[in-house]
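Please open the model in your viewer and keep the sequence beside it.

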Amino acid sequence: MIACKDKSKKESKVETATGDSIQSVNRKTDSLIKIKSFQDSIQLVQRKDSILLKTTQNILTLLKNKNYSAFAIYIHPFEGIRFSPYGFVDTVHDIKLSRQKFINEAGQPVQNMIVWGEFDGTGDPIKMTLNNYMQRFVYDVDFVKPEKRSVNEFIGDGNSLNNLELVYKNCDFTESHFSGFNEKYKGMDWKSLRLVFKIRDRKFFLVGIVHDEWTI
């Protein structure tokens with residue numbers, strides 16, 4: 001009886017130990033899977049960010065050189081591109097152009113006057129040709145070499161409502177930013193340019209360009 005009792009205890013201990021061992025291995029395996037999944041997610045984000053930053057640099061270089069025909073290739077082939085002169089994206093009044101319309105406007109010897117919105121402070125219409133608008137409300141400072149640049153994070157923060165993420169859902173954006181140029185303005189002359197991208201056929205295309213600066 002004593003021998004049987006001891007054997008029962010031994011077997012019970014073995015079963016418990018075996019059970020604990022299995023549970024331990026399962027927990028370890030689950031942890032490794034989660035870590036691997038987390039690492040893969042980080043790598044995907046880093047790769048996407050790298051592609052967006054490189055694409056942004058290419059686009060800004062074309063804009064700096066006023067190579068608008070090459071720039072147009074980056075415009076979304078179906079949704080076109082919206083131009084916002086200030087941080088608030090006005091879906092009613094901001095001008096939206098298809099790729100072909102942009103190419104046509106940029107290539108005209110004498111460009112049409114377009115009302116792109118209203119000037120901050122005065123409310124006067126922003127009535128400009130495409131080239132003039134691009135020089136004033138797109139590439140007005142050397143954004144190829146910004147003070148800061150980010151992916152899906154806002155840097156410039158002014159008085160106007162920033163509704164980019166509400167308008168451009170499921171999109172990515174980069175921001176190129178300067179905190180200011182003249183000390184006497186104490187940072188009120190900051191500038192930002194946000195390029196908004198939407199993926200199609202595994203490529204990033206522009207659906208919006210949001211220029212931002214200090215507003216009254």
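**A buried pair**

Begin by selecting arginine 194 and aspartate 212, which form a salt bridge whose closest N and O atoms are 3.1 Å apart; a salt bridge here is a side-chain nitrogen of Lys or Arg within 4 Å of a carboxyl oxygen of Asp or Glu. Arginine 194 lies in strand S7 and aspartate 212 in strand S8 (residues 203–213), so the pair ties together parts that are 18 residues apart in sequence. Helices (H or I, at least four residues) and strands (E, at least two) are DSSP runs, numbered from the N terminus. Arginine 194 counts as buried at 0% relative accessibility, and aspartate 212 is buried as well, with a relative accessible area of 3%. Buried means under 20% relative accessible area, exposed over 50%, and partly exposed in between (1.4 Å probe, protein chains only).

Before moving on, note that this is a predicted model, in which local features need pLDDT of at least 70 and side-chain atom pairs count only at pLDDT 80 or more, while totals for chains, interfaces and linings use all residues. Residues are numbered from 1 along each chain as its sequence is written, and side-chain values use heavy atoms, with hydrogens and water left out.

How many salt bridges does the structure hold? There are 11, and another one to select joins the side chains of lysine 64 and aspartate 142, at 3.4 Å from N to O. This pair links distant parts of the chain, 78 residues apart, with lysine 64 in helix H1 (residues 2–64) and aspartate 142 in the loop between helix H4 (130–137) and strand S5 (148–151). Lysine 64 is partly exposed at 39% relative accessibility, and aspartate 142 is partly exposed at 28%.

Select next arginine 200 and aspartate 201, whose side chains meet in a salt bridge of 3.8 Å, N to O. Arginine 200 is partly exposed, with a relative accessible area of 32%, whereas aspartate 201 counts as exposed at 63%.

**Serine 176**

Is serine 176, your next selection, buried or exposed? This residue, found in strand S6, is buried, with a relative accessible area of 1%. Its side chain is joined to that of arginine 149 by a polar contact of 2.9 Å, that is, a pair of N or O atoms within 3.5 Å, where within protein one must be able to donate a hydrogen and the other to accept it, and residues adjacent in sequence count only if both atoms are side-chain atoms.

In soluble globular proteins, nonpolar side chains tend to be buried together. Here the largest nonpolar core has 36 residues, and those with the most contacts inside it include Leu63, Phe83 and Trp116; H1 gives the most to this core, with five residues. A nonpolar core is a set of buried Ala, Val, Leu, Ile, Met, Phe, Trp, Tyr and Cys residues joined through side-chain atoms within 4.5 Å. For a further selection, a second, separate core of eight residues includes Leu164, Phe173, Val207 and Val210.

**Last stop**

Finally, select methionine 188, which is found in the loop between strand S6 (172–178) and strand S7 (191–200) and is partly exposed, with a relative accessible area of 44%.
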